Amino acid sequence: MNDLLIKILSTLGAVFVLIASFGVFKMPDFYSRLSVTIKAATLGIGCILIAATIHFAEFSVTTKAIAIIFFLFITSPVAGFLISKVAYITGTKLWKDSIIDELKNDPDSNCTNPALPKDKIKKE
Amino acid sequence: MTVEDYIAYIVMPIICLAIFFIMLRFIKGPQVVDRVVALDLLITVGVAFITLFSIIVNNPLFLDEAMILALIAFLSTVAFSFYIFKRKRDE
């Protein structure tokens with residue numbers, strides 16, 4: 001019973017990781033690549049770590065696995081947010097079929113705005 | 001078929017295929033940010049790889065390295081984004 005559960009969970013996690021990597025390879029745009037990465041990878045890693053806890057069935061392993069899942073779930077959205085904001089500021093193009101660009105009139109991302117003088121940005 | 005054999009012969013090749021696709025994006029990536037995201041995903045898949053390896057060799061000690069890698073992935077992404085932003089601002 002435990003063996004079957006470990007097999008199912010590890011296969012599910014591996015398939016999620018494979019979907020994430022295929023999306024990273026095939027998506028047309030930086031932002032869509034980023035969204036695929038964060039969602040699918042955390043789910044896949046979570047499934048594989050739960051399989052490890054079921055396999056070992058020890059207190060220390062369970063604690064470590066919960067800590068890893070906690071770190072990943074807390075840190076990967078923050079990292080994704082930071083890198084996407086930096087990518088927008090440094091002028092990464094959106095996909096040509098993208099409908100909406102909410103940061104276009106945002107004062108925080110004025111580094112790409114040519115109307116703003118350069119020394120005003122440097123002063124901050 | 002035992003769990004170790006199943007993971008070694010069926011689950012591990014799927015993970016290796018995933019690492020292959022991510023490496024292709026890492027080599028190809030048109031900009032620096034693409035490469036940063038690919039590196040982040042590569043380290044995250046490395047955590048899964050280490051966990052599966054610790055199941056195969058039946059030794060839970062390797063989970064410590066997985067925990068450190070999970071922290072380093074976040075740290076490297078934040079550092080890269082900080083320096084890319086700094087380079088853009090100083091231009």
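User: How many helices and how many strands does the secondary structure of chain A come to?

Analyst: This is a predicted model, and in it the elements of chain A run α-α-α-α from the N terminus on. The secondary structure of chain A therefore comes, with helices counted as runs of at least four residues, to the following totals: four helices and zero strands.

User: Which residues of chain B does the UniProt annotation "transmembrane region" cover, and what is the helix content of residues 36-56?

Analyst: According to the unreviewed UniProt entry, the annotation covers residues 6-24, 36-56 and 68-85 of chain B. In the model, residues 68-85 of chain B are 100% helix and 0% strand, with end C-alpha atoms 26 Å apart.

User: Which helix of chain B gives the most to the side that touches chain A?

Analyst: Contact between the chains involves 42 residues of chain B and 48 residues of chain A. Helix 1 (3-28), helix 2 (32-56) and helix 3 (63-90) of chain B each supply at least two residues of the side of chain B that touches chain A. That side divides into 31 nonpolar, six polar and five charged residues. The most, 15 residues, is given by helix 2 of chain B.

User: Are helix 2 of chain B and helix 3 of chain B roughly parallel or antiparallel to each other?

Analyst: Two packed helices are described by the angle between their axes and the distance between the axes. For helix 2 and helix 3 of chain B the axes are 9 Å apart and the angle is about 175°. The residues of their contact include Leu39(B) in helix 2 and Leu69(B) in helix 3, and they divide into 15 nonpolar, six polar and two charged. Because angles over 145 degrees count as roughly antiparallel, helix 2 and helix 3 of chain B are roughly antiparallel.

Definitions and conventions
Residues numbered from 1 in each chain as written. Chains lettered and ligands numbered in written order. Predicted model: local features only at pLDDT ≥ 70, side-chain atom pairs only at ≥ 80, totals over all residues. UniProt positions renumbered as here; feature names shortened; annotations may be inferred. Contact = placed C-beta atoms within 7 Å. Nonpolar A, V, L, I, M, F, W, Y, C, P; charged D, E, K, R; others polar. Axes fitted to C-alpha atoms, helices over the stretch in contact; angles between N-to-C directions. Parallel < 35°, antiparallel > 145°, perpendicular 65-115°, else oblique.
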